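Hi everyone, thanks for coming. Today I'd like to walk you through some side-chain contacts, so please have a look at the structure first.

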Amino acid sequence: MRRGRRFYYDLFSRVYDKVIALHSADKAGKLRSWLVEQGGCKGGMRVLDLCTGTGSVAIEASRTGSLVVGLDFSWGMLEKARDKGKGARHLVWVQGSAPFLPFRDESFHVVYCSHAFYELRDWEKLWTLGEVKRVLLPGGCFLMMEHEEPSHPVVRFLYKVRLASMGSLDSSRFISKELKLFSRFFKDVVREKSPTGNSKLIKGVKR
Ligand SMILES: C[S@@+](CC[C@H](N)C(=O)[O-])C[C@H]1O[C@@H](n2cnc3c(N)ncnc32)[C@H](O)[C@@H]1O
């Protein structure tokens with residue numbers, strides 16, 4: 001497990017939601033609701049929100065009546081998620097690492113991962129895709145949402161520096177091949193733009 005990254009997120013958890021609200025003018029709330037809708041969750045389903053952070057996606061998904069597990073490796077983020085989700089039913093928080101999921105095979109109907117996948121190292125991305133496939137039921141769906149590459153050159157440069165410092169040094173190469181890679185694990189892989197235009201969704205179904 002990456003201790004430095006965990007420590008970073010333990011600290012960042014204190015202001016994470018405020019920072020997101022500030023830089024996205026609360027589009028993030030709507031964006032995460034849109035993501036949940038795309039998964040088609042409903043009562044009786046079991047849902048995993050991978051790298052749940054402060055739990056926005058998991059809490060939204062639990063409103064559909066699905067049983068939702070929010071997993072993250074940062075205790076700080078999970079504590080915030082627990083506070084935010086207080087009173088919500090059908091919601092469980094689990095500390096764990098994305099490439100080593102502590103769940104049985106075929107446990108979930110839907111798995112989400114919002115704005116976290118690109119932060120994984122290249123080997124972690126591959127292992128995580130394998131693990132997501134393992135824990136999904138046949139016909140279950142994986143939905144990965146990430147920022148689109150910004151068009152403004154300065155913002156694009158900063159975006160690439162962030163990806164290089166967190167995920168892989170060669171993130172552009174990974175992004176150019178990601179649909180092919182997802183297709184190795186899932187069928188019916190599609191990519192679409194979010195309604196805000198700043199994020200993208202990649203969706204695939206377990207064979
Ligand atoms: C940018 S935040 C996104 C949080 C949330 N999904 C959202 O959309 O707001 C990235 C999250 O991924 C978590 N994370 C990063 N690498 C992880 C890993 N290998 N296993 C589990 N969680 C991880 C971090 O702790 C952090 O909470």
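**Charges and rings**

Let me start with E148, which counts as buried because its relative accessibility is 13%, and buried means under 20%. Before I go on, please keep in mind that this is a predicted model.

So which residue pairs with E148? It is K193: the two form a salt bridge, with the closest N and O atoms 3.6 Å apart. K193 sits in strand β6, residues 187–193, and E148 in the loop between β5 and α7, so this pair ties together parts that are 45 residues apart in sequence.

How many salt bridges does the count come to? Ten. Another of them joins the side chains of K84 and D17, at 3.0 Å from N to O. Here K84 lies in helix α5 (residues 75–84) and D17 in helix α2 (residues 16–24), so parts 67 residues apart in sequence are tied together. Both ends are partly exposed, K84 at 36% relative accessibility and D17 at 30%.

For a local example, look at helix α6. R134 and E131 meet in a salt bridge of 2.8 Å, N to O, and they are three residues apart, about one helical turn. R134 is partly exposed at 25%, while E131 is buried at 13%. This pair also belongs to a network: salt bridges that share partners join D105, E131 and R134.

Now, on to the rings. A search of the whole structure finds 14 aromatic pairs. One of them is Y8 with F12, a tilted pair with 5.6 Å between centres and 45° between planes. Both residues lie in helix α1, four residues apart, which is about one turn of the helix. Y8 is partly exposed, at 34% relative accessibility.

F100 and W123 are also tilted, with ring centres 6.2 Å apart and planes at 55°. This pair links distant parts of the chain, 23 residues apart: F100 is in the loop between β3 and β4, and W123 is in helix α6. F100 is partly exposed at 46%, and W123 is partly exposed at 44%.

Which residues do ring pairs link into a cluster? They are F117, Y118, F142, F174, F182, F185 and F186. Finally, charges and rings come together at F174: the charged end of K125 sits over the F174 ring, 4.6 Å from its centre.

Conventions. Residues are numbered from 1 along each chain as its sequence is written. This is a predicted model: local features need pLDDT of at least 70, side-chain atom pairs count only at pLDDT 80 or more; totals for chains, interfaces and linings use all residues. Side-chain values use heavy atoms; hydrogens and water are left out. Rings of Phe, Tyr and Trp (its six-membered ring) pair if their centres lie within 6.5 Å; planes under 30 degrees apart count as stacked, over 60 as edge-to-face and the rest as tilted. Helices (H or I, at least four residues) and strands (E, at least two) are DSSP runs, numbered from the N terminus. Buried means under 20% relative accessible area, exposed over 50%, partly exposed in between (1.4 Å probe, protein chains only). A charge sits over a ring if NZ of Lys or CZ of Arg is within 6 Å of the ring centre and within 35 degrees of the ring normal. A salt bridge is a side-chain nitrogen of Lys or Arg within 4 Å of a carboxyl oxygen of Asp or Glu.
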